[in-house]
Amino acid sequence: PVPRPPGSPAPRLPVALRICTLVCRSWGDRPQLCQVACGVGRAEAPVRHGAALPQGLDSSLQQWGVVAPGQRQALATRLREAAEAAMAALLAAEAELSPQQRGGARAGTDLLGVDFLLACVDDALELVALSTNSQRCLETCLLAEAMGRAVGEPPGDLPRLLAEALLHRAQRHLVEGKDILLIGAGGVSKSFVWEAARDYGLRVRGPGR
């Protein structure tokens, strides 16, 4: 929990803050936070996707009365860890499934949206995970990126990270189903090569086979 700083009361109007995060599968199958966008709405009604224009996390936290930069940075760090941990858990669960259970040899999650609600509990701010989705967070984060560029803000990392995720999948598609002849495959220390080959859908052959 992040305590509310002294002298920083809650907003006068009862509002709710929905935090939308977009996480991608980066190189080495590592989750990486791409973008964060927030929606502010009335506390008595759910803050839905598309119901409010997205805004940045830092400005949204200031509306909540978190005026100390260190407090806002701490929440941003916790948000990144929670969002990436959610995708890591999903990737670990997918790794336990057979190709048929995943829906195909190359089926897998490359992009994941994770929604959070920022709640005030006992004078401390808590991040509460609401749900995961595959499209709504992407739409919200892309809108936030476009709005920022329209007012002269420098481009963020979202386009680059999305392109890297798609290129990674495209490169796997190019080699899938190909035959590779190995001569001298190495010892036990090189066993990761066979795992990667299976993951890429390669057919590995030895001499004379």
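Here are some questions and answers about this predicted model.

Q: How many helices and strands does the protein chain have?
A: Let's start with the order of elements, where β is a strand and α a helix. Along the sequence, the protein chain runs β-β-β-α-α-α-β-β-α-α-β-α-β. In total, the protein chain has six helices and seven strands.

Q: In which element of the protein chain is confidence highest?
A: For the protein chain as a whole, the mean pLDDT is 75, and 66% of the residues reach 70 or more. Strand S1, residues 2–3, has the lowest confidence, with a mean of 54. At the other end, with a mean of 91, stands H2.

Q: Which residues have the most contacts inside the largest nonpolar core?
A: This core is the largest nonpolar one, with 21 residues. At least two of its residues come from each of strands S2 (15–26), S3 (30–42), S4 (111–121) and S5 (124–133), and from each of helices H1 (57–63) and H2 (69–95). Inside the core, the residues with the most contacts are Ile 19 and Leu 118.

Q: Which element gives the largest share of the largest nonpolar core?
A: Helix H2 has a set of buried residues, including Leu 75, Leu 79, Ala 83, Met 87 and Leu 91. Arg 72, Glu 84 and Glu 94 are also among the buried residues of this helix. The largest share of the core is five residues, and they come from H2.

Q: How far apart are the end C-alpha atoms of H2?
A: H2 has 27 residues, and at 1.5 Å a residue they should span 39 Å.

Q: Is Leu 125 buried or exposed?
A: Leu 125 is found in strand S5, and Leu 118 touches Leu 125 as well as Leu 75. Leu 125 and Leu 75 are 50 residues apart along the chain, while their C-alpha atoms are separated by 8.6 Å. The relative accessibility of Leu 125 is 1%, so this residue counts as buried.

Q: What is the relative accessible area of Val 128?
A: Val 128 is also a residue of strand S5. Beyond its neighbours within four places in sequence, Val 128 is in contact with Asp 115, Phe 116 and Leu 117. Val 128 counts as partly exposed because its relative accessible area is 37%.

Q: How far is the nearest cysteine sulfur from that of Cys 38?
A: Cys 20 is buried, with a relative accessible area of 3%, and Cys 38 is buried too, at 1%. A disulfide needs two cysteine sulfur atoms within 2.5 Å, and the count of disulfides here is zero. Cys 38 is in no disulfide, and the nearest cysteine sulfur, that of Cys 20, lies at 8.7 Å.

Q: What percentage of the residues in the protein chain are buried?
A: The protein chain exposes about 12,400 Å², with carbon and sulfur atoms supplying 58% of that area. Buried means under 20% relative accessible area. Of the 209 residues in the protein chain, the buried ones make up 32%.

Conventions. Residues numbered from 1 in each chain as written. Predicted model: local features only at pLDDT ≥ 70, side-chain atom pairs only at ≥ 80, totals over all residues. Heavy atoms only, no water. Core = buried A, V, L, I, M, F, W, Y, C linked by side-chain atoms within 4.5 Å. Buried < 20%, exposed > 50% of the residue type's maximum accessible area, 1.4 Å probe, protein only. Helix = DSSP H or I, 4+ residues; strand = E, 2+ residues; numbered from the N terminus. Contact = heavy atoms within 4.5 Å. pLDDT = per-residue confidence, 0-100. Expected span 1.5 Å × (residues − 1). Areas by Shrake-Rupley, 256 points an atom, 1.4 Å probe, with all protein chains shown as cover.
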